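The sequence and the structure come first.

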Amino acid sequence: MSINNEDVEKIAHLARLAIEPEQLDTYTRNLSDILDLVEQMNQVDTDGIETMAHPRDTRLRLRPDAVTEENQRDKFIELAPASENGLFLVPKVLD
Amino acid sequence: MHNKSLRELALGLKNSDFSSVELTQYFLDRIETNKDINAFITVDSDSSLRQAAQADEMLSSNNGQPLTGIPLAQKDIFCTEGMRTSCGSKMLDNFISPYDATVIRKFRQAGSITLGKTNMDEFAMGSSNETSFYGRVLNPWDKERVPGGSSGGSAAAVAARLAPAATGTDTGGSIRQPASFCGITGLKPSYGRVSRYGMIAFASSLDQGGPMTRSAEDAAIILQTMSGFDPRDSTSIDIEVPDFSAGLENELKGLKIGLPVEFFNEDLDPAIASITTDALREYEKLGAKLVDISLPNSHLSVPCYYVLAPAEASSNLSRFDGARYGYRTAEYDDLLDMYKKTRAEGFGEEVKRRIIIGAYALSAGYYDAYYLKAQKIRRLISDDFTRAFEKCDVIAGPTAPGTAFRFGENSDDPVAMYLNDIYTISVNLAGLPGMSIPAGINNKLPVGLQLIGQYFDEEKLLNVAHRYQQVTDWHTQSPEGF
């Protein structure tokens with residue numbers, strides 16, 4: 001086991017996922033299996049190898065700083081689970 | 001009608017042998033009759049028939065393009081304006097897309113008809129289509145078996161002739177593996193060839209959309225419409241799009257096909273190995289030369305992928321928080337509670353597993369050991385291909401280690417499921433184009449041959465696939481009853 005229940009709870013919290021207590025063991029077991037698989041990477045010495053984030057090492061393009069999108073506020077607000085006066089409504093964050 | 005190629009359908013429309021409305025209705029009827037396959041998540045016949053009527057007008061004024069009036073199935077990962085775009089998830093079950101993905105926009109401009117949105121593994125995470133919120137898709141070759149995934153709905157739809165062609169997306173094998181399991185032709189283009197704008201992101205540095213068709217000739221036509229630079233996709237590559245159909249007939253004399261020794265070892269199912277060998281013999285008859293090559297780090301592709309893809313996914317899927325669109329839990333105490341319950345209820349098990357793995361690999365203390373290590377391995381895997389292509393023009397091997405498996409066979413063991421993509425993943429890591437074409441049948445189930453090309457050389461891949469399909473008939477075989 002390369003990961004325990006506490007680790008899983010901590011990471012789930014960071015990822016904003018609620019986990020039912022009775023599912024915790026299954027998660028831990030499955031995640032440990034995946035991490036064991038991933039451990040194979042350590043068989044290879046990668047000192048001095050450059051990281052590769054993207055195929056072809058694509059560099060991001062720049063574009064003129066101009067407005068290109070039209071305002072579609074009403075269209076997007078329609079999709080919101082809760083909204084008021086054209087704003088997304090969420091529970092109070094600050095008291 | 002349902003066995004006609006895209007070119008034959010276009011000709012039939014042009015000669016008024018049938019109208020687009022008739023053609024579209026014909027396929028809508030087939031979808032309805034074969035509902036048990038569960039290949040589609042959403043079908044809107046009224047909208048399809050309206051589009052078809054418009055296409056008929058375009059055709060009658062001779063303004064048609066190769067796909068005008070032809071109905072196509074779109075994977076439910078592509079945002080489609082005014083239509084539910086669920087990505088196979090409860091999280092987006094109520095999401096009516098306010099815009100079109102670039103791919104969808106291009107098909108609309110070409111005058112093709114959206115026949116429906118195809119079923120898929122939730123957020124494209126899976127190799128069996130069993131993780132979809134909308135239920136499993138049946139493999140038309142054997143309804144007790146999976147169609148493969150994640151583009152399982154598209155593969156099953158094309159195999160069962162419920163659509164003339166479809167789109168899929170491929171992050172680690174999600175076009176090629178289901179193509180192999182369902183006996184169709186699937187092409188994952190080079191990274192950067194097809195716009196990712198409006199294609200719901202799983203792992204942004206690996207995802208590519210591509211055609212799922214019955215032949216390489218059809219794939220060339222679909223890819224032609226999908227391809228091209230898109231300023232709305234920051235990793236789209238501004239490179240000329242060739243005429244993919246132009247080189248299909250080129251001779252293969254002198255073509256060098258590389259065989260990775262690592263793909264043909266004792267782990268490969270002997271039946272798959274023998275079918276692959278037979279296919280390679282056909283290529284020799286066509287004048288190609290077989291050369292041994294080595295991809296020494298290919299055994300690390302699955303471990304490397306299962307760090308990078310979940311890491312990118314955990315970041316991409318953070319947008320699903322119940323605040324702006326999609327699912328929101330019914331009851332919650334505060335914002336944190338809303339996030340946690342929304343995500344726990346809205347995502348399925350496999351998606352949650354990958355989010356947690358990704359968040360772990362990116363967390364403080366583990367970032368170097370997992371994420372950076374995997375990015376270095378990715379470089380080694382990519383360099384292996386660069387060296388291999390000094391010796392050959394294309395690489396060939398199996399698409400998947402086996403044929404379609406039974407439902408539930410791998411669902412309790414994520415690692416066993418992941419190994420399905422052992423031959424396909426390295427291609428995504430390197431960003432190369434890859435294809436799967438039907439090459440044989442084992443125990444009444446189709447087997448695919450994988451072809452891997454050099455960067456932006458989809459033309460060569462299609463040529464190599466097409467020549468094989470001219471001398472064999474595996475690609476014309478359909479499952480019994482379809």
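A residue is called buried under 20% relative accessible area, exposed over 50%, and partly exposed in between, with a 1.4 Å probe and protein chains only. Helices (H or I, at least four residues) and strands (E, at least two) are DSSP runs, numbered from the N terminus.

This is a predicted model, in which local features need pLDDT of at least 70 and side-chain atom pairs count only at pLDDT 80 or more, while totals for chains, interfaces and linings use all residues. Residues are numbered from 1 along each chain as its sequence is written, chains are lettered from A and ligands numbered from 1 in the order in which they are written, and side-chain values use heavy atoms, with hydrogens and water left out.

**Helices of chain A**

In H1(A), the buried residues are A:Val8, A:Ile11 and A:Ala12. They lie on the same side of H1(A), because they cover an arc of only 105 degrees around the axis, the arc being that of the directions from the helix axis to the C-beta atoms. A:Glu6, A:Lys10 and A:Leu14 are exposed on the other side of H1(A). An α-helix has 3.6 residues a turn, so residues three or four places apart point the same way.

At the start of H1(A), a side-chain oxygen of A:Asn4 comes to within 3.1 Å of the backbone nitrogen of A:Glu6. After H1(A) comes A:Arg16, with a positive phi near 55 degrees.

H2(A) covers residues 24-38 and spans 21 Å from its first C-alpha to its last, close to the 21 Å expected at 1.5 Å a residue; the expected span is 1.5 Å times one less than the number of residues. Its buried residues include A:Leu24, A:Tyr27, A:Leu31 and A:Val38. They pack against H1 of chain A and against H9, H11, H12 and H13 of chain B. The buried residues of H1(A), in turn, pack against H2 of chain A and H11 of chain B.

**Strands and a helix residue of chain B**

Strand S10(B) is largely enclosed by the rest of the structure, because 8 of its 9 residues are buried. The pairings of S10(B) are as follows.

B:Ser426 belongs to H14 of chain B and is buried, at a relative accessible area of 1%. Beyond its neighbours within four places in sequence, B:Ser426 is in contact (heavy atoms within 4.5 Å) with B:Ser301, B:Ile381 and B:Phe385.

Conventions
Polar contact = N/O pair within 3.5 Å; in protein donor to acceptor, adjacent residues only side chain to side chain.
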